[in-house]
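Colleague: I am new to this one. Could you show it to me and take some questions?

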Amino acid sequence: MDTLVARPTEPARDLVVTRPAAPVVVRDVAALAAQAQALRTTFGRPLGTRARRLLWFWFRVYVRETRNGRNERVNVRIPIPIPIIGALLPGRMSGVQALKALALADGVPAGEGTAALATYVESVMGFEFVRVEEDHPERGRRSLVVIGFD
């Protein structure tokens, strides 16, 4: 989108056409909503997981840390045998989580969107108590900690 800049002391024929420094991306709300809904449907919990939740659910701790290009991942799951409670957990990610996943995939350099999306979807839980993300690019360190029920 071009911007017209007129200098007050110069005649109208001396209009300067300038372009913004970065391209302006206008997102169509309907397209964004459709993409978020597609993510929610695609990454919904399988029938086996929903059936398992009728008998027990998992207390889960997920940690992903990147140091100097090396990835370390810890995914600890502890079953809690309380019937029916797990069935109350949502069967798929929320709309807010889907929008965050889309923003995360858009915000990374080209070619890394799929990996960022896969990492985020792997960490999503049915009910999250804590989600902490830290990024220290100057030290080459990034960490994500998620604690919740799944």
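Colleague: What covers the buried residues of helix 3?

Modeller: The cover includes helix 1 (29-42), helix 4 (113-123) and strand 5 (127-136). Contact here means heavy atoms within 4.5 Å. Helices (H or I, at least four residues) and strands (E, at least two) are DSSP runs, numbered from the N terminus.

Colleague: What kind of model is this, and how are residues numbered?

Modeller: This is a predicted model, in which local features need pLDDT of at least 70, side-chain atom pairs count only at pLDDT 80 or more, and totals for chains, interfaces and linings use all residues. Residues are numbered from 1 along each chain as its sequence is written, and side-chain values use heavy atoms, with hydrogens and water left out.

Colleague: Which residues of helix 3 are buried?

Modeller: Gln 97, Ala 98, Ala 101 and Leu 102. Buried means under 20% relative accessible area, exposed over 50%, and partly exposed in between (1.4 Å probe, protein chains only).

Colleague: How do you know that the buried residues line one face of helix 3?

Modeller: Look down the axis of helix 3: its buried residues fall within an arc of 140°, so they line one face. The arc is that of the directions from the helix axis to the C-beta atoms. An α-helix has 3.6 residues a turn, so residues three or four places apart point the same way. The face of helix 3 turned away from the buried side carries the exposed residues Val 96 and Gly 107.

Colleague: How do you know that the length of helix 3 agrees with its residue count?

Modeller: The expected span is 1.5 Å times one less than the number of residues. Helix 3 has 13 residues (95-107), so it should span 18 Å. Its end C-alpha atoms are 18 Å apart, which agrees.

Colleague: What puts the buried residues of helix 4 on the same side?

Modeller: These residues are Gly 113, Ala 116, Leu 117, Tyr 120, Val 121 and Ser 123. They cover an arc of only 165° around the axis, which puts them on the same side of helix 4. They pack against helix 1, strand 3, helix 3, strand 5 and strand 6 (141-149).

Colleague: Why is the contact of Glu 65 and Arg 141 called a salt bridge?

Modeller: A salt bridge is a side-chain nitrogen of Lys or Arg within 4 Å of a carboxyl oxygen of Asp or Glu. For Glu 65 and Arg 141 the N to O distance is 2.9 Å, so the pair meets that definition. Glu 65 lies in strand 3 and Arg 141 in strand 6, so the pair ties together parts that are 76 residues apart in sequence.

Colleague: Is Glu 65 buried or exposed?

Modeller: Buried, with a relative accessible area of 14%. Arg 141, at 31%, is partly exposed.

Colleague: How many salt bridges does the structure hold?

Modeller: Nine. One of them joins Glu 122 and Arg 73, with the closest N and O atoms 3.1 Å apart. Glu 122 lies in helix 4 and Arg 73 in strand 4 (residues 70-80), so this pair ties together parts that are 49 residues apart in sequence. Arg 45, Arg 53, Arg 60 and Asp 150 are linked in a network of salt bridges.
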